[in-house]
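Here's a quick briefing for you on one helix, the core and some ring contacts. Have a look at the model, then read on.

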Amino acid sequence: MSNKRKIINDPVFGFFNLPNDLVYDVLQHPYVQRLGRIRQLGLSNMVYPGATHTRFSHSLGAMHLMQEGIAALRQKDIAISDSEATAAEIAILLHDIGHGPFSHVLEHTLVENITHEEISLMMMQQINQDLGGLDEAIAIFKNEYPRHFLHQLISSQLDVDRMDYLCRDSFFTGVQEGRVASERLLKMLNVVNDKLVVEKKGIYSVEKFLVARRLMYWQVYLHKTSVAAEQLLISVLTRAKELASQGVELFCSPALHYFLYHRVTDRDFALGSEAMRNYALLDDSDVISAIKAWMSHEDKVLRLLSEAFTNRNLFRPRLLEQPLSEEEKAMLCSCYVEHLGIAEKDAHYFFVEHISTNSTYSEKDDSIDILNQDGSVADIAEASEILDLDSLTRKPQKLYLFQYRI
């Protein structure tokens, strides 16, 4: 009988244990193992070479922080049973299981009308059918469990998911501004009226957390070069999808072939469906290997875009003060037609306008509440001396033109 009480050596948080056999069995499921073949930050390694860590490592780190958070709450006499603890740990371990290769790119190209969160839930339900024991975890994930604060630990404006990815992404990119005091934040957690709160003495750590999140979005997640790479990848896959719809033969893995040669929508996804089986086999390597092969394809548009992506000749970003006029778009089209020798109808693959929006805090979601010494509770926007509601909820935007380099 194998030893399932494994010790994880994590570069960000050090050593921690898998809590029990059920967590180990979940971790061994093919759906979870697939996350080790999907990079956490998609194409950010084209800007930060160290950003090659996986969604698997992020899921493990978030599970560790859940263990720490539950231990901290138990020390404050918040009753959490062992089954609730295991359920919360499994729920956070599986929270990103529905992500496809390269983050949200697939949601813009190969699948329609379904989000990775919805696919995550279906995958959790399938694992529950295979292994059993996940009913409580699924209820917590769906926010249908009677103890709301357990769901908040997984999904809120101050959850262990965000704590891990800020620490982890900061570590692997080298962007120190993203580092947050996750250990202190967890130690400062408490529960009032079934809601997570942060004790007053932890307010500075909350302020740092919110500022770090905004900075990480501009410096990493919305970095203009990362977004340029993503837009180029979208153009590549969109062109491939168009050619596939015309019956053009394309080299690709069976899983990628399914999504290129079928129109896949939310109606195709169900437990045990062909869409689900192929999605569970899809990872970064399918996309990368296909694009490398497409560099020699006879279709000039696909070939040029695939060469640009593979050789990091990314779309050039240009900040715009206002959207392009129809005349400016026509001039761009003419330029690509002339220089690349492509049809006018295909010129749109070589440039795109895109708005990047940075959102730090939302009034519509569960607030981050601060517990005062007198027992009263106040929203962070009211309790903070340096952050006000306007600065927290403001969503600054940047309008870019991304265009193929000639």
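This is a predicted model: local features need pLDDT of at least 70, side-chain atom pairs count only at pLDDT 80 or more; totals for chains, interfaces and linings use all residues.

Residues are numbered from 1 along each chain as its sequence is written, and side-chain values use heavy atoms, with hydrogens and water left out.

**Helix α17**

- Helix α17 spans residues 326-340, 15 residues in total, and reaches 21 Å from its first C-alpha to its last, close to the 21 Å expected at 1.5 Å a residue (that is 1.5 Å times one less than the number of residues). Helices here are DSSP runs of H or I with at least four residues, strands are E runs of at least two, and both are numbered from the N terminus.
- Its buried residues are L332, C333, Y336 and L340 (buried is under 20% relative accessible area, exposed over 50%, partly exposed in between, with a 1.4 Å probe and protein chains only).
- They cover an arc of only 100° around the axis, which puts them on the same side of α17 (the arc uses directions from the helix axis to the C-beta atoms).
- Turned away from that buried side are the exposed residues E327, M331 and E338.
- The cover over the buried residues of α17 includes α16 (300-310), β8 (351-357) and β11 (397-403).

**Nonpolar core**

- The largest nonpolar core has 144 residues, and F269, W294 and F350 have the most contacts inside it (a core is a set of buried Ala, Val, Leu, Ile, Met, Phe, Trp, Tyr and Cys residues joined through side-chain atoms within 4.5 Å).
- Helix α12 (residues 224-245) gives the most to this core, with eleven residues.
- Leaving out residues up to four places away in sequence, F350 touches a list that includes Y336, L340 and F402 (contact means heavy atoms within 4.5 Å).

**Aromatic pairs**

- The structure holds eleven aromatic pairs (ring centres of Phe, Tyr or Trp, with its six-membered ring, within 6.5 Å; planes under 30 degrees apart are stacked, over 60 edge-to-face, the rest tilted).
- F269 and Y279 pair edge-to-face, 5.8 Å centre to centre with 80° between the planes.
- F269 counts as buried at 5% relative accessibility, and Y279 is buried too, at 4%.
- The rings of Y336 and F351 have centres 6.4 Å apart and planes at 15°, so this pair is stacked.
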